[in-house]
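Thanks for coming, everyone. I have one structure to walk you through today. Please have a look at it first.

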Amino acid sequence: MVVFFVLIASGCVTRNYDSNMDLGKSQLNEENYLEAHEAFELAYKEAKTPKSRELMDLSGLLASGMKKYDEQDFESAKKDFEEATAYKAKYREGKQMVSKAAEMHPVSDSAIVGNDEVKSTEETTEEGSKAEDEAATDTKGKEGSKDSDRSLSKSQAEKLVRDYVDMENFSQLQIEYDHDAEKGDYIFHVFEVDEPSQKSGHKTTWGWYGVNKETKEVYEVM
């Protein structure tokens, strides 16, 4: 009788293990790494096999890296992709995930460089914003609208966007200057943060808006 129950339990574990492994592989094909990781983790709890451990580890690294990349935490994403790339995979699905991590590694590296360039541009622009505000104040009320329009500062442009989006009635929205367009227009990013109390909160884009420095026209950037 004891042997009978042991056999039943063993068969149940095998079915659960196989079904979770199949589910994880299916999610891998869709590149749903978080869902794949959860399935492989359940399989590993049923039977701690080398294959379930490898697929659980690699899918977890890819899921983490992708999430951090979407949150623009490129440094942390790069570390996850590096760790996955260095993983000594033995199974076909594991090797496929290592290849995916190897593809994402240079992408995250480029994003870090691009992000640093944007930050450098923003810092330079912010240093001159006070002078721009003073110049705009000096020209206010003077004849010659073109001269006045060209003195439109970044902070004044931001206020125009806030009014355009009616941010006063949408307290969850935030705004940040992104860059100057090729023609010189200011470009702003309006977004929501899922977890505003945490630095890692995910940004959901509300819209991108441009401001013409000469006409003060606000428009949506497609």
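How many helices and strands does the protein have? It has seven helices and four strands. Helices (H or I, at least four residues) and strands (E, at least two) are DSSP runs, numbered from the N terminus.

Some ground rules before we go on. This is a predicted model, so local features need pLDDT of at least 70, side-chain atom pairs count only at pLDDT 80 or more, and totals for chains, interfaces and linings use all residues. Residues are numbered from 1 along each chain as its sequence is written, and side-chain values use heavy atoms, with hydrogens and water left out.

Now the overall picture. Along the sequence, the pattern reads α-α-α-α-α-α-α-β-β-β-β. The protein has 222 residues, and buried ones make up 32% of them. Buried means under 20% relative accessible area, exposed means over 50%, and partly exposed is in between (1.4 Å probe, protein chains only). The protein exposes about 14,200 Å². Carbon and sulfur atoms supply 50% of that area. Accessible areas come from the Shrake-Rupley method with a 1.4 Å probe; for residues, only the protein chains shown count as cover.

On to contacts, meaning heavy atoms within 4.5 Å.

Helix H1 covers residues 2-29, and Asn 20 lies in it. Is Asn 20 buried or exposed? Asn 20 is buried, with a relative accessible area of 13%. What does Asn 20 touch, leaving out residues up to four places away in sequence? The answer is Ala 39, Leu 42 and Ala 43.

Next comes the loop between H1 and H2, where we find Glu 31. Its phi is near 60 degrees, a positive value in a residue other than glycine. Glu 31 counts as partly exposed, at 45% relative accessibility.

Helix H2 spans residues 33-46, which makes 14 residues. From first C-alpha to last, H2 reaches 20 Å, close to the 20 Å expected at 1.5 Å a residue. The expected span is 1.5 Å times one less than the number of residues. Which residues of H2 are buried? They are Tyr 33, Ala 36, His 37, Ala 39, Phe 40, Ala 43 and Tyr 44. These cover an arc of only 165 degrees around the axis, so they sit on the same side of H2. The arc is that of the directions from the helix axis to the C-beta atoms.

Helix H3 has 21 residues, 50-70. H3 reaches 30 Å, close to the 30 Å expected. Its buried residues include Leu 55, Met 56, Leu 58, Leu 61 and Leu 62. Ser 52 and Glu 54 are also among them. After H3 comes Gln 72, with a positive phi near 65 degrees.

Now to the strands. In what order do the four strands form their open sheet? The order is E1-E2-E3-E4, and the pairing is antiparallel. The edge strands are E1 (173-180) and E4 (218-220), each pairing on one side only. Two strands pair if DSSP finds at least two bridges between them. Neighbouring strands of this sheet are turned by 30 degrees against each other on average, direction ignored.

Let's go pair by pair. Seven bridges join E1 to E2. E1 and E2 form a hairpin with five residues between them. In the turn, Gly 184 has a positive phi of about 100 degrees. Eight bridges join E2 to E3. Val 193 has Lys 203 in E3 as its bridge partner. Three bridges join E3 (residues 203-211) to E4. Here Val 211 partners Val 218 in E4.

Why is E2 largely enclosed by the rest of the structure? Because seven of its eight residues are buried.

Helix H7 (residues 154-165) lies across E1, E2 (186-193), E3 and E4. H7 runs at about 50 degrees to E2. Axes are lines fitted to C-alpha atoms, for helices over the stretch in contact, and angles run from 0 to 180 degrees between N-to-C directions.

Last stop: Asp 166, in the loop between H7 and E1. Its phi is near 60 degrees, positive in a residue other than glycine. Asp 166 counts as partly exposed, at 34% relative accessibility.
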